[in-house]
Amino acid sequence: MIPAAFEYLRAHSIDETCAYLQQHGAEARVLAGGQSLIPAMRFRLARPAVIVDINPVAELNYIRPDGAVLAIGATARDVEVERAPWIADRRWSLLADVSRVVADPVVRQMGTVVGSLCHNDPAGDWPATALAGRASVVVRGKAGTRIVSIDEFLVDSFTTTVGEGEMAVAVHFPVPDDRTAGSYQKVERKVGDFATAAAAVQVSLDANGTIRHAGVALSAAGPCAVRVEEAERALAGQKPTAELIRAAADAAARRSVPQGDLRGSVEYKKHLAGVLVARGLRQALARLGVQL
Amino acid sequence: MKIKVTVNGISYERDVEPRTLLAYFLREDCGLTGTHVGCDTSSCGCCVVVMDGDKAVKACTMFAVQADGHEILTVEGLAQAGKLHPLQQAFWDQHGLQCGYCTPGMILSSYVLLKHNASPSEADIREGLAGNLCRCTGYQNIVKAVQQAAETLRQPAGAGV
């Protein structure tokens with residue numbers, strides 16, 4: 001299984017990448033970590049005529065606080081999130097959890113956060129995480145730079161708002177306040193398999209212990225990652241209780257529209273989505289000192 | 001496309017098609033067949049090599065052109081002056097293999113694991129090697145081998161082995 005032949009272009013800056021992408025249009029694909037693109041090319045599910053390798057673009061290789069957001073550049077690897085000095089801070093517990101369960105430890109040394117968002121696999125881990133963390137994606141193109149909310153960015157399976165001649169240069173996660181914690185819950189048959197179901201949760205509390213806002217999203221629950229708005233609305237402004245968690249979990253199970261396959265039936269996966277949201281909420285709240 | 005890759009300290013200059021995967025470059029262009037190809041779909045970890053000293057990568061899921069200008073370590077580069085690397089010796093001593101097909105990948109993933117964590121717990125080792133599949137051993141002896149190698153590598157230079 002060798003990929004179809006392609007023209008290989010090596011970019012050294014964002015401008016050079018965009019110039020190549022504008023020149024080759026729909027024929028071109030960006031190569032970052034390659035951990036989804038290369039297998040797709042090997043199976044001939046993808047046959048790009050032109051590959052633009054952005055790995056040498058130094059200005060894309062960063063993870064840094066940038067004012068009110070944490071900015072993750074397009075070539076920052078999953079493992080760099082996993083080993084970041086700030087990752088043990090509970091505010092980043094959603095990112096800490098997910099960074100340990102994406103694919104497998106070797107794939108994480110090449111795979112990138114932004115690449116996962118751009119690939120937008122229905123069972124990917126980063127799209128649901130970005131929804132729960134209310135991230136946005138920085139997209140660069142001919143007309144300049146635009147910042148797109150993750151809800152708008154994720155369009156459909158393997159489809160985003162990145163258009164021809166454009167590239168995603170970074171993802172921005174808003175820096176949570178110190179009464180915020182998250183959790184990522186994933187069930188997979190074995191390490192490295194696609195999720196049977198997964199839930200990303202992030203909760204912020206008020207000083208009096210009321211939920212100020214909550215992010216709840218699912219992976220492997222439809223054509224692409226979904227935000228469970230009903231659960232988020234139900235949680236906001238309430239004191240956390242076991243009943244409230246059950247209501248959020250039920251909303252998640254209703255919102256999930258999975259495909260039945262070898263990993264489980266539709267009924268099982270819907271049930272699992274609810275269970276994982278409940279576990280995620282309990283863990284996030286426990287990290288904030290609220291045991292339920 | 002002309003590329004120059006340093007493999008086990010030796011510079012290889014070759015003209016490759018961009019679609020050549022690193023695993024096949026190592027095996028067919030460099031003649032280093034210690035890098036195995038198992039699943040061919042980035043699941044099994046048989047093809048793991050070390051890039052730039054501290055990064056384990058699946059050579060079946062990377063193009064050779066991406067390694068241009070980089071340093072690659074394969075299993076052939078571990079032994080020095082006829083003496084096995086502590087990881088190789090430990091896999092031998094602990095019987096950390098049966099058929100041996102996964103072994104180069106296991107050893108090189110372990111090599112990077114120990115670079116980042118000199119004293120891994122059993123859980124650290126099992127999690128660290130979760131990207132490498134072995135169909136023979138049940139992993140018990142692989143874990144023991146990595147524990148032995150970790151201990152050897154923690155000794156001051158010149159001691160142990």
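This is a predicted model: local features need pLDDT of at least 70, side-chain atom pairs count only at pLDDT 80 or more; totals for chains, interfaces and linings use all residues.
## The five-stranded sheet of chain B

Let's start with chain B, where five strands make an open sheet in the order β2-β1-β5-β3-β4, with mixed pairing. The edge positions belong to β2 (10-15) and β4 (55-58) of chain B; each has a single partner strand, so one side of each has no neighbour in the sheet. From one strand to the next, the twist averages 40 degrees.

Inside this sheet, β1 (residues 2-7) and β5 (residues 71-73) of chain B are a parallel pair, joined over two bridges.

## Helix α3 of chain B

Helix α3(B) deserves a visit of its own. Its 14 residues reach 20 Å from the first C-alpha to the last, close to the 20 Å expected at 1.5 Å a residue.

Is α3(B) mostly covered or mostly uncovered? It is mostly covered, with twelve of its 14 residues buried. Among the buried residues of α3(B) are Met106(B), Ile107(B), Leu108(B), Tyr111(B) and Val112(B), and Ser109(B) and Ser110(B) are buried too. As for what they pack against, the buried residues of α3(B) meet β3, β4, α2 (86-93), α4 (122-128) and α5 (140-154) of chain B.

## Two domains in chain B

The domain assignment of chain B gives domain 1 as residues 2-76 and domain 2 as residues 86-154. Their C-alpha centres lie 21 Å apart. The contact between them takes 15 residues from domain 1 of chain B and 13 residues from domain 2 of chain B.

Which elements give two or more residues to the side of domain 1 of chain B that touches domain 2 of chain B? They are β3 and β4 of chain B. The largest share of that side, three residues, comes from β3(B). By residue type, this side of domain 1 of chain B divides into eight nonpolar, five polar and two charged residues.

## Where chains A and B meet

Moving on to the contact between chains, 21 residues of chain A are in contact with 23 residues of chain B. On the side of chain A that touches chain B, α2 (37-42) and β3 (50-53) of chain A each supply at least two residues. The residues on this side of chain A comprise 14 nonpolar, five polar and two charged.

## A four-stranded sheet in chain A

Chain A has an open sheet of four strands in the order β11-β12-β13-β14, and the pairing is antiparallel. Here β11 (180-187) and β14 (226-227) of chain A stand at the edges; each has a single partner strand, so one side of each is left without a neighbour in the sheet. Strand β13 (residues 211-219) of chain A pairs with β14(A) in the antiparallel sense over two bridges. Within this pair, Leu218(A) stands opposite Val226(A) in β14(A).

Helix α9 (residues 242-255) of chain A packs on this sheet, touching β12 (197-205), β13 and β14 of chain A, and its direction makes about 35 degrees with that of β13(A). Helix α10 (residues 266-287) of chain A packs on the sheet as well, touching β11, β12 and β13 of chain A. The direction of α10(A) makes about 30 degrees with that of β12(A).

Notes: Residues are numbered from 1 along each chain as its sequence is written. Chains are lettered from A and ligands numbered from 1 in the order in which they are written. Two strands pair if DSSP finds at least two bridges between them. Axes are lines fitted to C-alpha atoms, for helices over the stretch in contact, and angles run from 0 to 180 degrees between N-to-C directions. Domain bounds come from an automatic or database domain assignment. Two residues are in contact if their C-beta atoms, placed from the backbone, lie within 7 Å. Ala, Val, Leu, Ile, Met, Phe, Trp, Tyr, Cys and Pro count as nonpolar, Asp, Glu, Lys and Arg as charged, and the others, Gly among them, as polar. The expected span of a helix is 1.5 Å times one less than its number of residues. A residue is buried if 20 or more other C-beta atoms lie within 10 Å of its own, exposed if 12 or fewer, and partly exposed in between; C-beta atoms are placed from the backbone.
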